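Subject: Structure handover

Hi,

Here is the structure for you to take over. My notes follow below it.

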Amino acid sequence: MDRELPEELFGAGVVGAPMAGGPSRPALAEAVSRAGALGFLAGGYKSAEALAGDVGELSATGLPFGVNLFVPANEPVDREAILAYRERLRPLADRLGVDLPEPRWADDDEYPAKLAHLLENVPAAVSFTFALPPAGDVASLRTAGALVFQTVTSAQEARAAEELGVDGVVVQHAAAGGHFGSFLPGPAFAGQLHELVSAVCAAVRIPVLAAGGIGTPQDARAARSAGASAVQLGTAFLRTPEAGTNPVHRAALADPAFDRTAQTRAFSGKTARGLENAFMRDFADAPSGYPTLHYLTAPLRAAAVAAGDAHGTNLWAGTGWREAREEPAADVVARFAV
Ligand SMILES: Cc1cc2nc3c(=O)[nH]c(=O)nc-3n(C[C@H](O)[C@H](O)[C@H](O)COP(=O)(O)O)c2cc1C
């Protein structure tokens, strides 16, 4: 590794993962940063205005923090397959008394406004996932003073990110909770997280953060021993009181009846890992098509949460979910810090 990350941000060796869809409310990022790690806000699914509100709230604390953005990929989708999926969801929608929305084909058209806001209100770090952003966006953020990170899932993706000019990569293993941020074709890495970290460290000269399935401090140590400058933890924070995890998700994480995690496209059209439930089993062959499926299933998921039905909504969780505790975020940081 040629470059080092600043000690004041990464000295604890822990980053609080951005978790869009509720968990990463400002209170969680604040608690993580206050405990000496680096907290992240999630910019995904939010309007630019809502993100600006979160950024304002965190900035007022004077603490360092990061912001994560989903990069619109605008991949071609099979519209027929998505319309057929919509028909398959209809009986469930009827049962729940929910109107299925018309498909929304475009990706996040507020990405430019979110980026513009971050260039004016510069956080300590910005991370990107789902695709590589334009090189100009990386350069502008770095010039403005932010450290820029890219989520990658292989050595090949890490090299592409390094060529783009980022300060570091977040190496995400397929054991991770939530969406899998791969952007180049190819199978997911077959070995363990620490092996993936070693492979990426051998391929690039920029710092590496390790994410995915880290349930215990021993897992974190293995990732650091393999060369990671820090670990990025998501699932470990989901049951903390500061997280905005909805009550149905929170209860399911502690419910022994949920006994495995699996990857699925059923909720959003993009591969993500969560506690396996009936929705995932019923729609195991869902087509790809992010974010069209995300918006299509959103009212169904909201109705399930309102009804307290853990089998009708996404329960994102990494493979280490059994280790996640109901404890303050500062205690999670303390357990995993170097
Ligand atoms: C509920 C949830 C939401 C997530 N949302 C995001 C997100 O908005 N942006 C992102 O880059 N990663 C997101 N992730 C993935 C995390 O950044 C990280 O890779 C993952 O949590 C690490 O694996 P772990 O959950 O096993 O610790 C999310 C993960 C979870 C569990």
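Start with helix H13, residues 329-336, where Ala329, Val332, Val333 and Phe336 are buried. These four cover an arc of only 100° around the axis, so they sit on the same side of H13. Their packing partners are strand E1 (14-16), helix H2 (26-34), helix H9 (217-225) and strand E9. Bear in mind that this is a predicted model.

Helix H8 (residues 193-203) can be read in the same way. Its buried residues are Leu193, Leu196, Val197, Val200 and Ala203. The arc they cover is only 125° around the axis, which puts them on the same side of H8. The cover over them includes helix H7 (155-164), strand E6 (168-172), strand E8 (208-211) and H9.

Now the ligand.

Around the ligand there are 20 residues, and Pro18, Asn68, Gly213, Gly234 and Thr235 come nearest. The shell divides into nine nonpolar residues, eleven polar and no charged. Strand E3 (65-70) and strand E9 (230-233) each supply at least two residues of that shell.

- Glycine 234: a polar backbone atom is 3.0 Å from an oxygen atom of the ligand.
- Glutamine 172: a polar side-chain atom lies 3.1 Å from an oxygen atom of the ligand.
- Glycine 212: a backbone N or O atom lies 3.4 Å from an oxygen atom of the ligand.

How much of the ligand does the protein bury? Taken alone, the ligand exposes 600 Å², and the protein buries 96% of that.

Next, some loop residues.

Threonine 245 is in the loop between E9 and helix H10 (247-253). Is threonine 245 buried or exposed? Its relative accessibility is 6%, so threonine 245 counts as buried; the cut-off for buried is under 20%. The side chain of threonine 245 reaches the backbone oxygen of leucine 238 at 2.6 Å. Beyond its neighbours within four places in sequence, threonine 245 is in contact with Gly22, Pro23, Leu238 and Arg250.

Aspartate 309 belongs to the loop between helix H12 (292-307) and H13. It counts as partly exposed because its relative accessibility is 32%, and that class lies between under 20% and over 50%. A polar atom of the aspartate 309 side chain lies 2.8 Å from the backbone nitrogen of histidine 311. Neighbours within four places in sequence aside, aspartate 309 is in contact with Val248 and Ala304. Asparagine 121 is 188 residues from aspartate 309 in sequence and 39 Å from it in space, C-alpha to C-alpha.

Last, the backbone geometry.

Most residues other than glycine have a negative phi, and most peptide bonds are trans. Which peptide bond is cis? The one from tyrosine 290 to proline 291, with omega near 0°. Proline 291 lies in the loop between helix H11 (278-282) and H12.

Asparagine 74 has phi near 45°. It is placed in the loop between E3 and helix H4 (79-96). At 52% relative accessibility, asparagine 74 counts as exposed. Phenylalanine 130 has phi near 85°. Its place is the loop between strand E4 (125-129) and helix H6 (135-144). Phenylalanine 130 is buried, with a relative accessible area of 5%.

Best wishes

Conventions: Residues are numbered from 1 along each chain as its sequence is written. This is a predicted model: local features need pLDDT of at least 70, side-chain atom pairs count only at pLDDT 80 or more; totals for chains, interfaces and linings use all residues. Side-chain values use heavy atoms; hydrogens and water are left out. A residue is near a molecule or strand if one of its heavy atoms lies within 4 Å of it. A polar contact is a pair of N or O atoms within 3.5 Å; within protein, one must be able to donate a hydrogen and the other to accept it, and residues adjacent in sequence count only if both atoms are side-chain atoms. Accessible areas come from the Shrake-Rupley method with a 1.4 Å probe; for residues, only the protein chains shown count as cover. Ala, Val, Leu, Ile, Met, Phe, Trp, Tyr, Cys and Pro count as nonpolar, Asp, Glu, Lys and Arg as charged, and the others, Gly among them, as polar. Buried means under 20% relative accessible area, exposed over 50%, partly exposed in between (1.4 Å probe, protein chains only). The arc is that of the directions from the helix axis to the C-beta atoms. Contact means heavy atoms within 4.5 Å.
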